[in-house]
Amino acid sequence: MKSLFYLGTKQLSCDDSIYSTTIENVRAMREFEADKTTLCSSGQKQVNKTIDDYGKSGVNARFVYDNQEKDLFIYGLEGLYEDKTQREEVQKYQTEIKTVTIYDDIKTIPKESFKGFSAMERITFSSTVETIETIETVDVFDECESLKEIVVDTNNNNYKSSNGALINQKDKTKITLMKYPVAKEGETYTIPNEVTVIGMRSFETSKNLKTMTIPTTITEIQDFAFRYCKSMTEFTVETGNSNYESKEGVLFNKLEGNKLKLIQYPLKRGQKKYQLPTETTEIEKYGFYGNYEVEYITFNDGLTTINEN
């Protein structure tokens, strides 16, 4: 038998199948699967690659970590992290991992799965992912401060990526922009016309984004969508949107009777003074939160509600 792969000092044999029942080696499986017949008959004794760690990341899920390339591969069945120990097995590398790849058969990505993966720049989801969990206080990408791109297999019917952002398309009547990568490059972004909902915390802590265009299709903007967007200077809402509008770069929700609710004041609008439009009756929570430039705000007579910040 010829040696096909080494995991550190552990030699894997080249037998009938590249899939090892002893050590689950996803890089070997994926990179050499197509060429396994040639490799097994070529007399080659070692492939010049090593994997630094492997283990369980769920009852039927496995991970492989390549320390040289800083790549994490997760594969297997069902979901991840059924207990704390399994989570810790992966998270001990969380400050150095640069890319994460979720392979076929993984169906569920629990909240906090990649929390604190501070060096991760790209994550790829397979076609089989059905659920990416998020709640008001925690989501999958918390503290992923280097994340530039989210990629989804084009055969996935539940999620997709658009220009590096994650979109939930499970409900075809409620297409939701779920996550804009915190460190995504570029200062401007136009939300795709297919999107109807801007999801909870979807743009939160965005580093580089300065201007955003919101299309006429948006019917809902969920809580904390733009919180801590420290570079934001201006929101633009396309004419014809019946639910939202922008005034001088500030984002408002249209209310009954031609009234307005202030949703988000851009943190880098660059003005020391601001006067609320006369139609404003309400200020949403976190509407001004984190803004250190505005020194004076003039309230209009019609303002009746300031939600807790």
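Biologist: Before we start, what are the ground rules for numbering and confidence?

Modeller: Residues are numbered from 1 along each chain as its sequence is written, and side-chain values use heavy atoms, without hydrogens and water. As the model is predicted, local features need pLDDT of at least 70 and side-chain atom pairs pLDDT 80 or more, while totals for chains, interfaces and linings use all residues.

Biologist: Great. Which way do the residues of strand E7 point?

Modeller: Thr99 and Thr101 point one way and Val100 and Ile102 the other way, and all are buried. Strands (E, at least two residues) are DSSP runs, numbered from the N terminus; buried means under 20% relative accessible area, exposed over 50%, partly exposed in between (1.4 Å probe, protein chains only).

Biologist: And which strand is E7 joined to?

Modeller: Strand E9, residues 122–125, through three bridges, and the two run parallel. Thr101 has Thr124 as its bridge partner there.

Biologist: Switching topic, what is the strand order in the open sheet?

Modeller: The order is E15-E17-E19, with parallel pairing; two strands pair if DSSP finds at least two bridges between them. E15 (188–190) and E19 (234–237) are the edge strands, each pairing on one side only.

Biologist: How many bridges join E15 to E17?

Modeller: Three. In E17, Thr211 is the bridge partner of Thr188.

Biologist: Last one: is Ile306 buried or partly exposed, and why?

Modeller: Ile306 counts as partly exposed because its relative accessibility is 48%. Ile306 is in strand E26, residues 305–306.

How values were computed
Helices (H or I, at least four residues) and strands (E, at least two) are DSSP runs, numbered from the N terminus.
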